[in-house]
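Biologist: I want to go through the labels on this model one by one. Please give me the criterion each time.

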Amino acid sequence: MSLREKKKLETRERIRAAAAELFTRRGYAAATMRQIAQRAHVGLGTLFNYAEDKRDLVFLIFNEELNAITDVALAAPRPEQPLIEQLMAVFGVHYRWLGEKPALARILLQELTFYSSGKQAATFLGIRKRLIDGIEQLIERSKKEKKIKSSESAALIARHIFFVYSASLRWWIAAAHPDPQKGLADLRRLLRLQLDGLYR
């Protein structure tokens with residue numbers, strides 16, 4: 001790694017740390033781009049090279065870790081498990097990770113709705129697509145093994161499952177003290193309602 005690349009990486013990490021600290025301590029609405037730049041010891045122009053606005057900063061904070069967590073999640077299910085256990089293995093990784101940082105997680109889940117533009121958007125959308133594609137593969141395998149029955153495509157079923165997961169995640173993280181075990185128990189019940197129709 002060249003000296004220039006190392007300096008850019010260090011600057012990026014200072015910005016990520018400053019944004020995470022101020023969003024957590026002052027709140028997303030109260031923290032300003034100028035305050036974050038000052039805390040990171042960079043000029044405001046430099047900050048805008050990494051993120052277009054505060055929303056973009058949220059994804060600068062999360063994207064790298066979210067990408068790694070998604071790798072772990074997609075590797076978690078075992079082929080011999082029932083489909084619901086495979087799905088819970090995937091989603092459990094995300095619940096436990098977000099449960100470690102509920103204040104920042106609330107900001108992330110609030111800001112990701114309609115997030116399609118910005119310096120960090122393409123990376124985030126790519127991570128989300130990988131997760132949905134991974135769910136689709138689980139569905140496709142279960143259909144081939146005749147563990148579930150549906151005339152709908154695996155892609156549509158995967159999107160439906162992802163929507164249930166996303167809504168359940170938001171409901172859970174909104175609690176004053178979100179407990180991953182309770183959140184996952186609730187998600188399991190919701191997925192069971194959904195999957196029961198695919199077993200017939």
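Biologist: What share of the contacts in the protein with a separation of 6 or more do residues 24 or more positions apart account for?

Modeller: Those residues account for 71% of such contacts. A contact means heavy atoms within 4.5 Å. The model is predicted: local features need pLDDT of at least 70, side-chain atom pairs count only at pLDDT 80 or more, and totals for chains, interfaces and linings use all residues. Residues are numbered from 1 along each chain as its sequence is written, and side-chain values use heavy atoms, with hydrogens and water left out.

Biologist: What makes up the secondary structure of the protein?

Modeller: Nine helices and zero strands. Helices (H or I, at least four residues) and strands (E, at least two) are DSSP runs, numbered from the N terminus.

Biologist: Why is the pair of Y95 and Y165 called tilted?

Modeller: The structure holds 10 aromatic pairs. For Y95 and Y165, the ring centres are 6.4 Å apart and the planes stand at 55 degrees, so the pair is tilted. The rule covers rings of Phe, Tyr and Trp (its six-membered ring): they pair if their centres lie within 6.5 Å, with planes under 30 degrees apart stacked, over 60 edge-to-face and the rest tilted.

Biologist: Which parts does the pair tie together?

Modeller: Y95 lies in helix α5 (residues 83-99) and Y165 in helix α8 (residues 154-173), so the pair ties together parts that are 70 residues apart in sequence. Y95 and Y165 are both buried. Buried means under 20% relative accessible area, exposed over 50%, partly exposed in between (1.4 Å probe, protein chains only). Y95 and Y165 also belong to one aromatic cluster, with F91, F162, F163 and W172.

Biologist: How do you know that K54 lies over the face of Y28?

Modeller: K54 is at 4.8 Å from the ring centre of Y28. The test asks for NZ of Lys or CZ of Arg within 6 Å of the ring centre and within 35 degrees of the ring normal. K54 counts as lying over that face.

Biologist: Why is F114 called exposed?

Modeller: The relative accessible area of F114 is 76%, so F114 is exposed. F114 is in the loop between α6 (102-111) and α7 (121-144). Its phi is near 60 degrees, a positive value in a residue other than glycine.

Biologist: What makes K146 count as exposed?

Modeller: Its relative accessibility is 69%, so K146 counts as exposed. K146 lies in the loop between α7 and α8. K146 has a positive phi of about 60 degrees, although it is not a glycine.
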